[in-house]
Amino acid sequence: MGKKYIDEKLAKARRTYIEDMINQKEDKGVWKGKVYSLVPYMVGRLDFCVKVPDFLLQALQESQEAAVCPDSLFACMASVKDMVSITFYVTKKEKIYEPSEIHLLFGRLFPGNHLSPIECMGERGGVHYFDYIKDEFGTPFLHTIFIFETGNRQILGHLNGEAQEWENLIQMRDKILITVERRDFFERNESED
């Protein structure tokens with residue numbers, strides 16, 4: 001029994017080490033024991049592109065076909081079996097909100113759900129974000145709301161996944177937000193028009 005216990009601890013330590021090495025790569029990560037790659041995802045009608053995990057693209061086609069109004073200004077990617085999704089919403093051209101206003105609104109909408117302070121991503125600080133945890137059907141989910149601008153529009157992003165995958169979800173979130181904060185995608189998209 002002692003040997004089996006030691007073997008299990010060694011296997012777990014080895015797996016943790018490998019996952020840490022993968023997570024340190026800019027375009028790769030681990031989610032629920034599987035390796036994912038970040039791939040560019042273009043939201044043409046919203047004039048921006050962001051890198052998202054490849055497994056999130058699995059339901060992209062289905063969500064587009066299921067949309068009631070294909071011209072509605074949002075894009076959604078979901079991986080139902082992996083219990084994680086990302087959604088983008090756009091505000092009207094004439095309605096831009098301060099990130100602090102959006103943070104306050106979510107504080108009112110979800111009182112007592114561990115709303116974090118609002119933070120900025122990267123050197124430019126062009127992406128603001130905050131987290132909250134909400135219990136859904138007995139499972140706590142970590143939600144990240146991130147806010148940025150492209151062209152003359154404001155985009156609200158919503159990333160959520162199981163809170164028990166906290167560390168991996170935070171790493172995924174940071175990698176996605178870094179690609180948004182870099183803004184090279186936006187500059188390229190805007191120059192193409």
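Which strands do the buried residues of α3 pack against? They pack against β7, β8 and β9. Here contact means heavy atoms within 4.5 Å. Helices (H or I, at least four residues) and strands (E, at least two) are DSSP runs, numbered from the N terminus.

This is a predicted model, in which local features need pLDDT of at least 70 and side-chain atom pairs count only at pLDDT 80 or more, while totals for chains, interfaces and linings use all residues. Residues are numbered from 1 along each chain as its sequence is written, and side-chain values use heavy atoms, with hydrogens and water left out.

Axes are lines fitted to C-alpha atoms, for helices over the stretch in contact, and angles run from 0 to 180 degrees between N-to-C directions. Two strands count as paired if DSSP finds at least two bridges between them. In general, strands of a sheet pair through backbone hydrogen bonds, either parallel or antiparallel.

Strand β5 (residues 84-90) runs antiparallel to β4, and six bridges join the two. Within this pairing, M77 stands opposite I86 in β5.

Which residues of α3 are buried? They are P99, I102, H103 and F106. Seen down the axis of α3, these buried residues fall within an arc of 100°, so they line one face of the helix. The arc is that of the directions from the helix axis to the C-beta atoms. Buried means under 20% relative accessible area, exposed means over 50%, and partly exposed lies in between (1.4 Å probe, protein chains only).

Now move to the other sheet. It is open, with three strands in the order β1-β2-β3 and antiparallel pairing. Its edge strands are β1 and β3 (48-53), and each pairs on one side only. The twist averages 40° from one strand to the next. Four bridges pair β1 with β2 in the antiparallel sense. V30 has V35 in β2 as its bridge partner. Helix α4 packs on this sheet, touching β1, β2 and β3, and its direction makes about 155° with that of β3.

Helix α4 (residues 166-182) passes a simple length check. Its 17 residues, at 1.5 Å a residue, should span 24 Å, and the end C-alpha atoms are 24 Å apart, which agrees. The expected span is 1.5 Å times one less than the number of residues.

A salt bridge is a side-chain nitrogen of Lys or Arg within 4 Å of a carboxyl oxygen of Asp or Glu. By this rule the count comes to five. One joins D131 and R173, at 2.7 Å from N to O. D131 lies in strand β7 and R173 in helix α4, so the pair ties together parts that are 42 residues apart in sequence. D131 is buried at 9% relative accessible area, and R173 is buried at 7%. R173 also meets D174 in a salt bridge of 2.9 Å, N to O. D174 is partly exposed, at 24% relative accessibility.

What links K34, K81 and D82? A network of salt bridges does. Between D82 and K81, the closest N and O atoms are 3.7 Å apart. Is D82 buried or exposed? It counts as buried, at 4% relative accessibility. K81, in contrast, is exposed, with a relative accessible area of 57%.

Finally, check the backbone. Most residues other than glycine have a negative phi, and most peptide bonds are trans. K32 has a positive phi, near 50°, and is not glycine. K32 sits in the loop between β1 (28-31) and β2 (34-43), and is partly exposed at 30% relative accessibility. M83 has a positive phi of about 55°, although M83 is not a glycine either. The loop between β4 and β5 holds M83, which is partly exposed at 35% relative accessibility.
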